[in-house]
Amino acid sequence: MPEGQQRTIKQLMASPQRFLNRELSWLQFNQRVLDEADNPAHPLLERLRFLSISASNLDEFDMVRYAGLREQVRAGVTKPSQDGLTPAQQVAEIETASLKLIAAQQDQWRRLKAEMEAEGIFVLSPQDLTRKEKVEVENYFNNNIFPILTPLAVDPAHPFPFIPNLGFTIAFDLESETGGEGQVGIVPMPTFVRRFIRLQTGSKPGIRFIPLEDVIGMFLSALFPGFRETGRCLFRIVRDSDIEIEEESEDLIREFEVLLKQRRRGRIVRLRMQSSAPEQLRNFIMREMGAESSDIVLYDGILGMARLSELIVDDKPGLLFPAYEPRYPERIREMGGDIFAAVRAKDILVHHPFESFDVVVEFVRQAAADPQVVAIKQTLYRTTVNSPIVGALIEAAESGKTVTALVEIKARFDEEANLRLARDLERAGVQVVYGFIEYKTHAKVSLVVRREGNELRTYTHYGTGNYHPINARVYTDLSLFTADPALGRDANRLFNYVTAYKEPPEVPPAFETIAMSPVNLKQQLIEMIEAEAQAAKKGKPSGIWAKMNALVDPDVIDALYKASQAGVQIALAVRGICCLRPGIPGMSENITVKSIVGRFLEHSRMVCFANGEALPSPNAKVFLSSADWMPRNLTRRVEVLVPATNPTVHRQIVNQIMVANLNDESQTWLMHSDGTYERFHSADPETAFSAHGYFMDNPSLSGRGSALEVSLPPRLSYRETHPK
């Protein structure tokens, strides 16, 4: 490398410019989600689902990330992020990018609406209704809407009402029919009523909906007798919803109950309003809400696109993805459904959602019912309200087993649900613990202790995803079931560290196999990256394959840059945020980054290190993990990095799952060094390799049983199929 280029790379490696901004990278990810709404390879209503998801994603981003930066600006914070942008600069760039994203969402909705109409699905205005439909809507309004509405006048005796977070409201400019003074009328839209009302009668064919806000507007005289409308404005509030807990809190549960009530009253960060509303009415709302001008976002179209998912109807199956029923691992069936017998014979790696989450549920259920099981320990980060796993833990405790549940009440937007399930568990006699105050427990571990003869044997589940049966039908995740004694002892040590210490220990714990953050997981990752760099410098085979949801941590990114400079070939599949710049000559030209966005949400995390032989190989060091490579996961959460040592599980991760992901052609986006992404276009879309399609058609190696043949994914050349 010429001396001048070496100097330039050295300067870049010391500059914030070597990183991309995490917030803007996230907005790029949400743009990719939105772009799937325009992907003709997807059925129409699935494209509508992608649009709805992109809107929901943006709501959460505004409530947490954007809100946090706005607070920093108000507090006068000027400390730059790792990429060199101050909070004020980030806010400015976010607002510009968000407005472009919102405009693109509106354009996409208009296109989808037209396509839906061609397929016989209509979203109507009041003037589009037939006479019969108007009667139906009136009956529906009187029976289902009017009783729960609270029309509010705004005048000196009636102050502007409080609007909770994500609340929809209609403001009406009203004039008196008798010549008296006018007023502004406010109608908060009820929360637990469908946004889009499906009509059942009428002579016209097709599936016909009408928005709730239009129905309310049709019967204004019932809400404000003696007044007529001169203008209206639909608006929606987004409030700061982040929760900050006091580290010295005397009662964590009580504090969370207070904070959850405060969340709905958080500071306004977005006041979204219809641009078609009268300016005078918009200004009135803004003034009465105490909103700042920077809070206002005007919409030329529909508000609250997250609720568009209500338009996805089951009676149009041709407009949906073909139904898919996850496989149940054949090897467990061969054991008569006895999961413990199957795991005792050999480790099993279950690949969700292509293989059923029922295996995870049955693991806990069988443990609860088995008289030989003496103890169960379980982490719970996110799950459903009526979780079958929680039910099994309650059953186990009531039958006299020792049951410990590590419930993370700091799981964002699931805090209230987790508090409820913790109380249910405690009432049944489960020992409930809440982990550390400063650190979220994000690790996904279930430990069963079973008496077998004169010994106690441990059966352990390590996962990359939450114990959430609904998400497990959409999220791609890994579940490792093992009877390996060392992995069982390590799981027990992890539970003991979390339940017995006020803080994680400063010295690395005596784990035999796994690594745990915030103690030593990051250190081990960096050491293994550096080992690949040393191998490359010595001319030995080297390489790193990794799959995760986000890559942000600056120390890990710098280690990857140095490995690339040493000649290590690094292939990364990063679904969402990526702050690393790939493909920069002299710095990261040996790093490629792709993002897969498709029918299933990529959520599994795994990493493979060549370890002296070219990937893929049986000698590679292979791990699955609960952690993304972000500062919060590596330094402020309890996470695990679990080795895959069983030969079949090892081969399944390296040769099947990673190879398929790295060679996907149909749902791949390639990342450029400036942080932009480009959809990969196959020379022949009809034969383009799809990772999701492959996993749906082929059973996993470790669960295939004796009778099933498995076709491994093609070993395509990553460099040939994913050019720079």
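**Figure 1. Accessible surface and overall dimensions of the protein chain.** The accessible surface of the protein chain comes to about 30300 Å², and carbon and sulfur atoms account for 48% of that area. The model is predicted. Along the principal axes, the C-alpha atoms fill a box of roughly 90 × 70 × 55 Å. Of the 724 residues, 58% are buried.

**Figure 2. Secondary structure and contacts along the protein chain.** The protein chain contains 21 helices and 27 strands. When contacts between residues at least 6 apart in sequence are considered, 75% of them join residues at least 24 apart.

**Figure 3. The nonpolar cores.** The largest nonpolar core has 118 residues. Within this core, the residues with the most contacts are L48, W109, L551, L560, L572 and L580. Helix α3 gives the most to the core, contributing 13 residues. Another core, of 52 residues, lies apart from the largest one; A571, V622, I653 and M696 are among its members. In soluble globular proteins, nonpolar side chains tend to be buried together.

**Figure 4. Helix α2 and its surroundings.** Helix α2 covers residues 22-35, 14 residues in total. From its first C-alpha to its last, α2 reaches 20 Å, close to the 20 Å expected at 1.5 Å a residue. At the start of α2, a side-chain oxygen of N21 comes to within 3.0 Å of the backbone nitrogen of E23. Because 10 of its 14 residues are buried, α2 is largely enclosed by the rest of the structure. The buried positions are R22, E23, S25, W26, L27, F29, N30, R32, V33 and L34.

**Figure 5. V407 in strand β12.** V407 belongs to strand β12, which runs over residues 402-407. The relative accessible area of V407 is 0%, so V407 is buried. Beyond its neighbours within four places in sequence, V407 is in contact with L380, N418, L421, A422, L425, V432, V433 and Y434. V407 and Y501 are 94 residues apart in sequence, and their C-alpha atoms are 16 Å apart in space.

Definitions and conventions: Residues numbered from 1 in each chain as written. Predicted model: local features only at pLDDT ≥ 70, side-chain atom pairs only at ≥ 80, totals over all residues. Heavy atoms only, no water. Helix = DSSP H or I, 4+ residues; strand = E, 2+ residues; numbered from the N terminus. Buried < 20%, exposed > 50% of the residue type's maximum accessible area, 1.4 Å probe, protein only. Contact = heavy atoms within 4.5 Å. Expected span 1.5 Å × (residues − 1). Polar contact = N/O pair within 3.5 Å; in protein donor to acceptor, adjacent residues only side chain to side chain. Areas by Shrake-Rupley, 256 points an atom, 1.4 Å probe, with all protein chains shown as cover. Core = buried A, V, L, I, M, F, W, Y, C linked by side-chain atoms within 4.5 Å.
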